[in-house]
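The sequence and the structure are shown first.

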Amino acid sequence: MKLNFSIDIERCLKEIEDFDEIKKTYCNNPYYFFNHYRNLKNKSSKEIIDFFKNNREEIEKELIRRKNLIEKNWNKINNIFFSEIERITESKWKYKSYRCHVCCVWAGRYDNYKNEITVFAFFNKPDYLATIAEELLHLHFWEITRKLQIRIEEENLKDFKNNFYWQLSECIPCLVFSHSDIKLKLKFGKYPDWKEVRKVFKKIRPLWDNKRNFTDFLKNAFNFISPQK
Ligand SMILES: [Zn+2]
């Protein structure tokens, strides 16, 4: 399995135009973004968009530099990551290769049912490795649930923070990386980062600890909490 890295400044410039949306996703504080772009703190969305337009070449150069570094460090754990996730989830990866868009806008994203993820270029090493691992695992999770006849459509994710399947999906990386025998040490806490998912996490944690296997765990989790609630 391979992860191919790339940058796309056009795409970043387009995505930054939705800066209000990005802020909303991160509870009005895209901390990772302002950690790097300190000069943009307290600036309006318009000023931020203009900054990116006016410094396009400089930013693109930085992105390429970061992409090369991230790629080099990810490659050291690439094989163990893909094989360990197959072992823990007892499911093969759907695609032979995946793409990672190294971006200066979003912290991390995945394109559901595709083979593409996004990672923020200016995270430090533990954070970018953990983010890449998390986003790839999300893609894998949705392919496994699809086999169990559970498929999530874009419109079901409009109010994503209240969506049970999304909440469950955000518990999975923490369970796999902090509460399993995975042979890969990445920066994950004992609890999921999103506070919206901690309630679900508490409920499903015992199911995880007592599972027979990964699919068994998922089925129990789906039965345990009605998606309608
Ligand atoms: Zn996530």
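## Crossing of α5 and α7

The axes of helix α5 (residues 56-75) and α7 approach within 11 Å and cross at roughly 70°. Helices (H or I, at least four residues) and strands (E, at least two) are DSSP runs, numbered from the N terminus. Axes are lines fitted to C-alpha atoms, for helices over the stretch in contact, and angles run from 0 to 180 degrees between N-to-C directions. The helices α5 and α7 are therefore roughly perpendicular to each other; angles under 35 degrees count as roughly parallel, over 145 as roughly antiparallel, 65 to 115 as roughly perpendicular and the rest as oblique.

On the α5 side, the contact is made by Ile-70, Asn-73 and Trp-74, and on the α7 side by Lys-125, Tyr-128, Leu-129 and Ile-132. Two residues are in contact if their C-beta atoms, placed from the backbone, lie within 7 Å. By class, this contact of α5 with α7 comprises five nonpolar residues, one polar and one charged. Ala, Val, Leu, Ile, Met, Phe, Trp, Tyr, Cys and Pro count as nonpolar, Asp, Glu, Lys and Arg as charged, and the others, Gly among them, as polar.

## Basis of the model

This is a predicted model, in which local features need pLDDT of at least 70, side-chain atom pairs count only at pLDDT 80 or more, and totals for chains, interfaces and linings use all residues. Residues are numbered from 1 along each chain as its sequence is written.

## Helix α8

Helix α8 (residues 164-178) has 15 residues and reaches 21 Å from its first C-alpha to its last, close to the expected 21 Å. The expected span is 1.5 Å times one less than the number of residues.

Of the 15 residues in α8, 12 are buried, and the helix is mostly covered. A residue is buried if 20 or more other C-beta atoms lie within 10 Å of its own, exposed if 12 or fewer, and partly exposed in between, with C-beta atoms placed from the backbone. Among the buried residues of α8 are Tyr-165, Leu-168, Cys-171, Ile-172, Cys-174 and Phe-177, as well as Gln-167 and Glu-170. The buried residues pack against α6 (78-89), α7 (125-147), α9 (198-209) and α10 (214-224).

Asp-20 is located in helix α2. With 9 other C-beta atoms within 10 Å, Asp-20 is exposed. Asp-20 and Lys-46 are 26 residues apart in sequence, and their C-alpha atoms are 9.8 Å apart in space.

Cys-27 lies in the loop between α2 (19-25) and α3 (31-36), and Asn-28 lies in the loop between α2 and α3 as well. The phi of Cys-27 is near 50°, a positive value in a residue other than glycine. Asn-28, although not a glycine, has a positive phi of about 65°. Cys-27 counts as exposed because it has 12 C-beta neighbours inside 10 Å; Asn-28 is exposed, with 8 other C-beta atoms within 10 Å.

## Residues in the loops around the strands

Ser-91 occupies the loop between α6 and β2 (97-103) and is partly exposed, with 16 other C-beta atoms within 10 Å. Leaving aside neighbours within four places in sequence, Ser-91 is in contact with Glu-86 and Ile-144.

Cys-104 is found in the loop between β2 and β3 (108-111) and counts as buried, with 22 C-beta neighbours inside 10 Å. Apart from neighbours within four places in sequence, Cys-104 is in contact with Cys-12, Ile-59, Leu-63 and Ala-121. Cys-104 and Glu-60 are 44 residues apart in sequence and 9.2 Å apart in space, C-alpha to C-alpha. Asn-112 lies in the loop between β3 and β4 (116-120) and counts as partly exposed, with 17 C-beta neighbours inside 10 Å.
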